[in-house]
Amino acid sequence: KGKYMALVQEKIQRNWRVESSFSGKSCVVNIRLASNGLVIDAKPVEGDTQVCRSAIAAVRQANTLPVSKDPAVFAEFKDFNLRVSPP
């Protein structure tokens, strides 16, 4: 599970346009995925509004996220919360 969480975070970071004003802030994003990793929905749960807006744009731009072929592992990733903060 940790491996996929790291892969998901890495893909989001690659698409994320981080501004200097985001420093020290974070956002929890709820992400829903199809079985092939396609992003169905992404919405803010809590955190800084600007960071959340930017992070959600990055999730949507990623379009698909890495998912496990193992159904038990994927079950944890079809609807999950992810805390993101600028690198």
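Is Cys52 buried or exposed? Cys52 is buried, with a relative accessible area of 4%. The points below start from this residue and then move along the chain. The model is a predicted one.

1. The disulfide. The structure holds one disulfide. Its two ends are Cys27 and Cys52, with a distance of 2.0 Å from S to S. A disulfide is a covalent bond between the sulfur atoms of two cysteines. The link connects distant parts of the chain: Cys27 belongs to strand β1 (residues 27–33) and Cys52 to helix α2 (residues 49–62), 25 residues apart. The torsion about the S-S bond is about 105°, so this disulfide is right-handed.

2. Burial of the two cysteines. Cys27 has a relative accessibility of 0% and therefore counts as buried. Cys52, at a relative accessible area of 4%, is buried because that value lies under 20%.

3. With 14 residues at 1.5 Å a residue, α1 should span 20 Å.

4. Which residues of α1 are buried? They are Tyr4, Val8, Lys11, Ile12 and Asn15. Viewed down the helix axis, the buried residues of α1 fall within an arc of 100°, so they line one face of the helix. Gly2, Lys3 and Arg14 are exposed on the other side of α1. A reader can check this on the model by looking along the helix.

5. Aromatic pairs. The count comes to three aromatic pairs. A pair of aromatic rings is described by the distance of the centres and the angle of the planes. For Tyr4 and Phe77, the ring centres are 6.4 Å apart and the planes stand at 65°, so the pair is edge-to-face. Tyr4 lies in helix α1 (residues 2–15) and Phe77 in helix α3 (residues 71–77), so this pair ties together parts that are 73 residues apart in sequence. Phe77 also forms an edge-to-face pair with Phe80, at 5.2 Å centre to centre and with 70° between the planes.

6. The ring cluster. Through ring pairs, Tyr4, Phe77 and Phe80 are linked into a cluster. How does burial stand for these rings? Tyr4 counts as buried at 17% relative accessibility. Phe77 is buried, with a relative accessible area of 3%, and Phe80 counts as buried at 6% relative accessibility.

7. Strand β1 and its partners. β1 is mostly covered, with six of its seven residues buried. Strand β2 (residues 39–47) pairs with β1 in the antiparallel sense over seven bridges. Within that pairing, Ile31 has Ala42 in β2 as its bridge partner. β1 and β3 also run antiparallel, joined by six bridges. Here Asn30 stands opposite Asn81 in β3. In a regular strand the side chains alternate between the two faces of the sheet.

8. The hairpin. The hairpin of β1 and β2 has five residues between the strands. Gly37 in this hairpin takes a positive phi near 95°.

9. Most residues other than glycine have a negative phi, and most peptide bonds are trans. Which value does phi of Asn63 take? Phi of Asn63 is near 70°, a positive value in a residue other than glycine. Asn63 is located in the loop between α2 and α3. With a relative accessible area of 42%, Asn63 is partly exposed.

10. Ser21. Where is Ser21 placed? Ser21 sits in the loop between α1 and β1. Its relative accessible area is 41%, so Ser21 is partly exposed. Ser21 and Ala58 are 37 residues apart in sequence, and their C-alpha atoms are 17 Å apart in space.

Conventions:
Residues are numbered from 1 along each chain as its sequence is written. This is a predicted model: local features need pLDDT of at least 70, side-chain atom pairs count only at pLDDT 80 or more; totals for chains, interfaces and linings use all residues. Side-chain values use heavy atoms; hydrogens and water are left out. A disulfide is a pair of cysteine sulfur atoms within 2.5 Å. Helices (H or I, at least four residues) and strands (E, at least two) are DSSP runs, numbered from the N terminus. Buried means under 20% relative accessible area, exposed over 50%, partly exposed in between (1.4 Å probe, protein chains only). Rings of Phe, Tyr and Trp (its six-membered ring) pair if their centres lie within 6.5 Å; planes under 30 degrees apart count as stacked, over 60 as edge-to-face and the rest as tilted. The expected span of a helix is 1.5 Å times one less than its number of residues. The arc is that of the directions from the helix axis to the C-beta atoms. Two strands pair if DSSP finds at least two bridges between them.
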